[in-house]
Every structure is written in structure tokens, then in C-alpha cells.
Amino acid sequence: MNPSLSEVRRKPRRRVPLAGLVGAFIVVFWLVMAVAGPWLAAHDAGGVASDAVFAPMSAQYPLGTDYLGRDMLSRILNGAPYTIGVALAAVLVASVGGTTLAMFAAAAGGWFDAIVSRVVDTMLSIPHKLLALIIVAAFGSSVPFLILTAGIGYMPGAFRIARALAVNVQAMDYVQAARARGEGLLYITCREMLPNMLRPVLADFGLRFLFIVLLLSGLSFLGLGVQPPAADWGSLVRENIIGLSEGAPAVIVPAIAIATLTIGVNMAIDGFAGRKRRGNGV
Amino acid sequence: MSDIVNVKGLRVTARNDMGEEVPIVHGADFSIKRGEVLALIGESGSGKSTIALALMGYARSGCRLAGGSVTVAGNSMLALGERQLAGLRGRTVAYIAQSAAASFNPSRCLMDQVIESALIHKLMPRAVAEAKAVELFRALALPDPERIGRRYPHQVSGGQLQRLMAAMALITDPDLVILDEPTTALDVTTQIEVLRAFKKVVQERGSTAVYVSHDLAVVAQMADRIVVLRDGAIQETGMTAQILSAPAHPYTKSLLAAIAPKQRQSAGVDARKAAAQPLLEVRGLYASYGAAKGSAPVKCVLDDINLVIPRGATIGVIGESGSGKTTLARTIAGMVAPSAGEILLDGKRLAPTLEGRTREQFRRIQFVFQNADTALNPLHTIERILGRPLEFYHGMKGAARRKRVLDLLDLVRLPAAVADRLPGELSGGQKQRINLARALAAQPDLILCDEVTSALDTVVGAAILDLMAELRKELNVSYVFISHDISTVRAICDEIVVLYSGRKVEARKREALALPPFHPYSNLLISSVPALRRGWLEEVEGRNPAALPPLRQAEQARGICAFLDRCPLRVDGMCNTMPPPRQQLADGGSILCHHNESDLRAAQMPLRVVEGDVA
């Protein structure tokens with residue numbers, strides 16, 4: 001349908017939906033905490049602050065205390081860099097690596113695509129948790145290895161999704177037009193293809209971030225993640241699991257932290273990546 | 001009351017991006033008598049399909065039937081609930097959609113789908129419905145009517161599928177049949193068969209029909225009365241003969257004018273230049289799909305194509321879908337590697353694939369894609385789309401580039417404000433201009449145009465053709481103009497090449513293609529283009545295509561004429577055993593046929609009547 005005159009005159013930008021703003025606020029909040037958390041924490045990460053084990057929320061200990069009587073708020077603030085930082089680094093490895101590989105595989109085609117795709121298929125057949133357990137068992141548990149483990153474990157999924165998108169996009173006429181113009185592979189992938197697959201890739205980025213948070217939490221829960229006395233949120237849940245029967249806030253609070261982070265990331269991505277400029281058919 | 005359909009003050013609104021209700025049909029009034037065929041005609045966005053759907057009490061998602069009344073066979077369609085409408089749809093009102101391929105379920109056999117509505121409405125037992133369907137198949141001139149119902153949708157051709165859809169609609173003997181652009185997606189040669197079948201069935205059964213189309217010439221064959229629509233409002237209503245011969249409304253006049261394309265004068269490639277080295281030469285080009293391993297059969301798409309394109313000339317390539325015309329352009333552009341043959345640019349051999357070509361060679365040959373919707377990156381602004389080739393080929397930057405972008409916009413008659421927009425914010429015609437401007441930005445010597453006007457409305461398409469003709473004069477570029485529409489090609493090209501299943505069956509000067517002799521396929525193509533007057537369909541019907549000369553089923557020799565199965569002039573013992581020779585004609589053209597020039601002329605002369613003048 002023709003754009004009517006009224007549309008041409010005023011050019012409204014669609015506003016970011018409220019959910020997106022809320023999500024963005026939560027994400028920014030946690031990102032700040034990931035950097036500033038340890039300084040804001042009133043107590044040392046390992047310092048036993050109270051005699052009361054599994055104390056309820058109080059003015060002195062806003063989120064109660066854990067199984068050793070440590071301040072839960074400080075534990076969570078100290079855990080933020082591990083959970084968020086490690087997961088963010090790992091998801092960057094997974095998504096950036098997977099998407100880059102996928103675009104080049106789709107654009108180059110031929111034997112390069114065939115080899116990369118088959119290698120990735122092989123990797124996909126290994127369960128993430130199993131792979132992570134094997135790597136941790138072989139190399140021990142350290143932060144760089146955790147990042148690599150989660151990053152490599154989740155790269156095949158990111159590659160598969162991005163490749164499916166890239167194959168569709170590279171068949172579009174505008175990509176063909178760029179080829180017929182004689183453009184190089186780098187221009188075609190970065191300028192023509194990437195912007196048109198960014199929305200789903202970002203949505204996948206968010207989802208993958210959450211999977212990695214959950215994987216790391218799972219590893220920590222098993223005692224193979226971040227090692228004590230440092231603790232990420234997953235370890236906090238595990239440490240305090242006996243408090244569940246007492247209804248202690250120490251169990252639920254780190255779980256809530258994980259939940260707010262995951263929901264916030266999803267809301268932000270839906271709000272921002274889902275936004276499109278009026279009129280284009282993407 | 002003899003009116004079977006009565007529409008009064010119909011208003012339909014649609015919700016736009018800002019959530020406001022915008023009227024897309026403002027107060028349509030018309031009525032249809034029993035047994036009458038009414039045509040709704042207009043460009044895309046004129047609301048013709050919306051009105052047709054409203055006759056079934058249906059509005060597309062986002063649209064709302066906002067007011068007025070629609071009465072079909074005594075039922076007030078706008079007042080009824082979904083359940084009551086479901087009882088009427090398919091029984092009282094039936095619908096034939098544009099794309100039959102998308103309307104059939106690929107996993108059920110045709111018969112089940114054709115009789116489905118009769119069974120749903122419990123009109124007749126299955127056996128009776130099947131018998132009736134076979135009768136309809138016969139009436140619609142479908143091959144093998146007894147058994148075609150057992151096939152699946154992918155086993156029949158597009159034209160047959162469209163006719164099967166008509167059978168599906170007519171099985172319940174509905175009071176009203178809606179045909180929504182039923183032949184738009186078909187080749188002209190197929191269209192004529194489908195139209196003929198539709199017309200016969202409609203006449204025999206005395207059906208009342210609404211025929212939605214953008215093509216006045218097609219409508220002229222089918223309709224008793226025509227309603228001309230524009231922007232959701234009725235411009236003119238009248239009997240078909242009156243609309244065609246004495247249109248009252250200026251818009252109707254402009255539609256008629258756009259359909260009969262004026263001959264744009266040839267750029268007049270002067271003899272001196274033409275005699276010099278041709279710009280591009282294609283020699284013995286073959287292209288095929290599928291791996292050629294050992295003796296495994298490969299699908300041959302281009303078969304020994306030779307082409308010479310002089311500087312500043314426009315070469316038209318026509319043929320039906322699957323004839324290899326797009327592959328030819330893609331091969332020249334380097335997007336498809338030929339399996340044999342060579343392409344010479346200024347006498348120098350071009351690499352078969354993109355990898356081996358230099359940036360200068362890329363610059364000199366530009367490709368304009370058929371569909372501007374997909375050929376422009378939806379996330380790049382127009383300035384960036386046009387600026388990229390400037391930067392890429394000519395190293396332009398900053399203000400100089402911006403200035404050149406504005407020049408280009410001016411060249412394709414678009415305002416400078418367009419530069420900052422995204423393609424999605426432009427209309428179809430504007431996008432096609434940008435598409436063309438991007439090719440011009442490279443300052444090419446040759447532009448390959450692949451069906452550039454096919455997706456556009458007639459009026460907009462005519463404007464693009466005018467623009468191209470002007471630019472050729474200004475810039476002295478050559479075009480290869482690919483189209484399935486012979487009148488478009490004839491309007492703009494100096495030389496015309498007819499492709500049939502990958503072979504060049506005919507090559508002629510533009511002037512020569514107005515008179516026989518033609519290759520039998522070109523003749524079929526030319527005579528299948530609907531003429532803009534009533535009775536054309538009946539005249540063509542005189543030449544019954546079913547009566548082809550019989551062939552003894554000799555084993556099919558390699559290299560024989562590909563048009564053999566459809567050729568009315570085929571000769572047993574010659575055409576099915578020997579490859580046809582390429583005959584040089586006296587006027588400089590060539591034809592790939594066994595018949596000589598005078599035989600062809602003798603066989604085709606009487607058909608001149610079909611060409612007729614425009615009503």
C-alpha cells in the first residue's frame with residue numbers, strides 16, 4: 001500500500017515499550033553491581049558476621065544470614081561479578097564466535113561451510129553439562145576455564161541459529177546485488193547480512209546468556225564452579241539449601257537474583273531488539 | 001428482485017502502525033444481476049480485493065468492515081455471525097484465489113479437495129460429488145478428467161491447478177463466484193487456456209461472478225460490466241464496451257493509455273558505432289543445473305546462446321517462465337557459471353564466475369533485480385544504497401558523494417528528501433527507481449534489467465519504461481531487457497530475442513516482429529496477449545490449439561525442436577527426428593525452425609487479424 005501523505009509528514013518513532021525500559025533498568029542495575037558490588041558490600045565475602053545462622057531479614061542483615069551466619073547481601077554483591085561477569089564473557093565467546101563463523105560459512109559456502117557445519121554438528125551431540133564436567137575434571141576449576149567451557153559449549157547452538165538466518169539472508173536479492181557489484185566477503189557479511197539478522201541473533205544472545213548463567217549455577221551447585229570462599233549465585237543456593245526447610249531467606253534470595261537477571265535480560269531484548277522502524281518488512 | 005448482490009455504502013477500515021483506523025474503502029455502491037459478470041479493476045492498493053472479500057463478509061486481519069450493507073442472495077453479510085457466514089462461504093459465495101498453488105493442500109489428492117465444500121455443507125453424497133467434479137473437469141478442458149482427481153497438486157501444472165480451483169468453487173453451484181486475479185501469476189500462453197475455460201463454464205452455468213483484476217484486457221474478455229477503483233473509491237462504473245471505447249473518468253483514460261504502450265523511438269544506434277566492436281558478445285553459451293557426473297542427466301537451462309549487444313542498443317529477451325531468460329542475465333553478470341561458451345566484453349573474455357572478474361568489469365555490467373522489495377537492503381538508507389557503488393567504483397566520499405546521490409535521485413525523478421529514507425518507506429515504483437539509480441551510479445555500459453516492470457502497476461511500469469528510454473538517450477547505455485510481456489519489450493527494444501526452453505528460437509529487429517514470419521512459438525506468444533477489446537477471446541478460439549498435427553511416436557532424437565509438443569506446424573518425420581536449422585531471414589533476423597520463411601509467412605498471415613487495433 002502506498003504510504004499516505006500523512007505518514008510522510010509526521011515521522012513518529014515508535015516508543016520503547018515499558019517492559020523494555022524495566023528490563024533495561026534491571027540489566028543496567030546488575031551490570032553496575034557486577035562492577036561495584038564488592039565495594040558496596042558491608043562485609044567481606046568470607047567474613048562471618050553473625051552468630052545467628054539462617055537469620056531472617058533484619059535492619060542489620062537486610063537479606064538475612066547464611067548457613068555460617070554470613071551477611072547474605074554482601075555474599076550476593078560479592079557473587080555478582082562471578083555470575084554476571086563470567087556468564088557475559090562466556091556468552092560473548094559463544095555468540096560472537098558462533099555468529100561470525102556462521103556468516104562466513106554461509107557466505108563462503110562450499111567445503112568451508114561443509115566442514116564447519118559437520119564439526120559443529122558433532123559438538124552439538126555432546127551434552128553441555130557433560131562437556132563442562134569433563135573439562136572441569138580435566139583442567140580444574142578456574143574462572144578462565146569456566147568462561148571457555150561455557151563459551152565453547154554454547155557456541156554450536158549459536159552457530160546453528162545464526163547459520164540458518166545467514167543462509168536465508170544471503171539468498172536475498174540485495175546480497176546478490178552486492179555480490180554482483182564485486183563486494184568482498186567482509187563487506188557482504190558485516191554490512192549487508194549482519195544488520196538483517198541482528199534481531200534474532202540478539203534474542204538468541206539473551207537466551208544463551210541465561211542458559212550460561214544456569215549452567216554456571218548448576219556447576220556451582222555441584223561444587224565444580226567458582227570455588228569457596230568466593231561464591232557465585234548458584235553456589236549460594238547450594239550452600240544454603242538446608243535452609244529451605246527453615247524457610248530462610250538465604251536460599252530464596254540468590255535464586256531471586258538469578259531470576260531478576262534472566263527476566264530483565266529477556267525483557268530488555270524483547271523491548272529493544274524487537275523494535276523496528278516503521279515500514280520495513282523485517 | 002433480480003439483483004443477486006447489492007452493496008451499499010460499504011466502508012472498510014484498517015488499523016495502521018500508530019493504531020489509528022484509516023479508511024481503505026470509502027463507501028462503495030454497486031449491484032450485480034443474476035448471471036452477470038462484474039469486474040473490479042484498479043491498481044494495487046485500490047481496495048479491489050478488500051471489496052471482493054467483503055462480499056463474503058470477510059475482512060483481512062487488521063481490517064474491519066466498518067459500515068454500509070452487503071447483501072448476497074438475500075443474506076446480509078455484514079450482520080451475520082461467524083457461524084452463519086461459515087454456512088454461506090463455499091456454498092452461496094465461492095472464492096478463487098490468485099495463487100492456486102498456495103490454496104491447495106499439497107498432501108491431499110485433488111479430488112478430495114475439490115469436493116470438500118460439497119461434503120462440508122452436506123449437499124450431496126460423495127459419489128455424486130465426484131461425478132459432478134469429473135463433469136466440471138471436462139467442462140474446464142482439463143486433461144484426463146476421469147483420473148486427474150487422483151493426482152496431487154504438485155503433479156499438475158499451474159494453469160491446470162487454477163482450473164481445478166475453479167472446479168472447487170463451482171462444485172456447490174454457488175450463487176456468486178469471486179475470482180481474485182486468477183490468471184495474474186500465469187504465462188500468457190497458459191492464461192489464454194484458463195480464461196477460455198473460465199468463460200465457457202461461466203456462460204454454460206449462467207454463474208454470477210465478480211472478477212478482480214488489474215488487467216483491463218483480460219477483464220474485457222470476461223466481464224459484462226466494469227467497476228473502476230482507485231484508492232478505495234469507485235471512479236467509474238459502466239458496461240464493458242463503454243468503459244473500453246468511451247471512458248468517462250480521466251483515471252480510466254490513463255489506465256487505458258498505460259496499457260497500450262506507445263512505441264518509444266529507438267535510440268538509433270548509428271551505423272558507424274554499431275559496425276565497430278560490439279559492447280558485449282555471447283558465444284555458444286550453455287548453462288545447466290545439477291551435477292554433471294558421467295552420463296547423469298543434467299537440467300540444461302541455456303542451450304547454445306549467441307548474442308551480440310552493440311553499444312547503446314536495447315536487446316529484449318522474452319520467453320515464458322522456465323525459458324532461461326533470467327539465467328542468461330545472471331550468467332552475463334557472473335552470478336551463474338556457464339558450463340560452456342564465452343562472454344566477451346569489448347572483445348575481452350570475461351571470467352565465468354564473480355571471483356575472476358575485475359572491479360572495472362563489475363562496474364561496466366550492472367544488474368537490476370526484478371523485485372525492488374528484496375533487492376534493496378531494508379536497513380540501509382537510500383543515500384547509503386546509492387552511495388555505496390559511488391564509493392566502491394569511483395572512490396567518492398563525503399560531500400561529493402552526497403551531491404552525486406542527489407543528482408542520481410534527480411535523474412530518476414525522485415525528490416532529494418528520499419535520500420534519508422529507508423526502502424520500506426517508499427512505494428513500489430519509487431523503490432524500482434532507486435533500484436535503477438543504483439545501477440546507474442556505477443556509470444555502467446550495460447544494464448541487465450530482469451523483469452523490472454513486472455511487479456509494478458501498469459501506470460507505474462509505463463513511467464519506468466519512459467524513464468529508461470530517456471536515460472538511454474542521455475547516457476548512451478545498453479540494456480538487456482528481460483520480460484515475459486511482449487508488448488513491453490516491443491515498446492522499448494531495438495532487437496528482440498525469443499527464448500524457449502533455453503534456446504534462442506528467434507532473433508529479430510523490433511520493427512520486424514510486427515509481421516510474420518515468426519517462429520511458431522513467437523507466434524503463439526504474440527497471439528496470446530489479450531487485446532483490449534471484447535470478443536478477442538472468441539476470435540482466438542477459432543484456432544483450436546488441440547488440433548496439432550499427429551506424430552508417430554518416434555524415439556525422441558537429441559537436439560530436436562523443444563517446441564515440438566505444442567507446435568501447430570510440426571511435420572512428422574522431420575521435426576521429431578532432426579534438429580532444426582537456424583534460418584537467416586531476409587531482414588537480418590534468424591529463426592530456429594525447419595520451415596522456411598515463405599512457409600511460415602503463409603501459415604501465419606491470416607492471424608494478423610488477432611493483432612487488431614486497440615479499441
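Here are some questions and answers on how to read this predicted model.

Q: What makes α7(B) and α8(B) roughly parallel to each other?
A: It comes down to the crossing angle. The axes of helix α7 (residues 158-170) of chain B and helix α8 (residues 188-205) of chain B cross at roughly 15°. Angles under 35 degrees count as roughly parallel, so α7(B) and α8(B) get that label. Their axes come within 9 Å, and α7(B) passes α8(B) in a right-handed crossing.

Q: Which residues meet where α7(B) packs on α8(B)?
A: From α7(B) you have B:G158, B:G159, B:Q162, B:R163, B:A166 and B:L170. They meet B:T190, B:E193, B:V194, B:A197, B:F198, B:V201 and B:R205 in α8(B). By class, the residues of this contact divide into six nonpolar, four polar and three charged.

Q: What makes up the contact of α17(B) with α18(B), by class?
A: B:L408, B:L409 and B:L411 in α17(B) meet B:A437, B:L440 and B:A441 in α18(B). Leu and Ala both count as nonpolar, so the tally for this contact is six nonpolar, no polar and no charged residues.

Q: How do helix α3 and helix α8 of chain A cross?
A: The axes of helix α3 (residues 72-108) of chain A and helix α8 (residues 185-221) of chain A come within 8 Å and cross at roughly 145°. α3(A) passes α8(A) in a right-handed crossing. The contact has 19 nonpolar, four polar and two charged residues.

Q: How do you know that domain 1 of chain B touches domain 2 of chain B?
A: Chain B is divided into domain 1 (3-259), domain 2 (271-514) and domain 3 (531-611). The C-alpha centres of domain 1 and domain 2 of chain B lie 36 Å apart. A contact needs C-beta atoms within 7 Å, and nine residues of domain 1 of chain B are in contact with seven residues of domain 2 of chain B.

Q: Which helix gives the most to the side of domain 1 of chain B that touches domain 2 of chain B?
A: That's helix α11 (residues 250-259) of chain B, with four residues. By class, this side of domain 1 of chain B has three nonpolar, four polar and two charged residues.

Q: Where does pLDDT stay under 50 in chain A?
A: Chain A averages a pLDDT of 81, and 89% of the residues score at least 70. But pLDDT stays under 50 over residues 1-12 of chain A, with seven contacts beyond four places in sequence. It also stays under 50 over residues 276-282 of chain A, with 14 such contacts.

Key. Residues are numbered from 1 along each chain as its sequence is written. Chains are lettered from A and ligands numbered from 1 in the order in which they are written. This is a predicted model: local features need pLDDT of at least 70, side-chain atom pairs count only at pLDDT 80 or more; totals for chains, interfaces and linings use all residues. Axes are lines fitted to C-alpha atoms, for helices over the stretch in contact, and angles run from 0 to 180 degrees between N-to-C directions. Helices (H or I, at least four residues) and strands (E, at least two) are DSSP runs, numbered from the N terminus. Angles under 35 degrees count as roughly parallel, over 145 as roughly antiparallel, 65 to 115 as roughly perpendicular and the rest as oblique. A crossing is left-handed if the near helix is turned anticlockwise from the far one by less than a right angle, and right-handed if clockwise. Two residues are in contact if their C-beta atoms, placed from the backbone, lie within 7 Å. pLDDT is the predictor's confidence in each residue, from 0 to 100. Domain bounds come from an automatic or database domain assignment.
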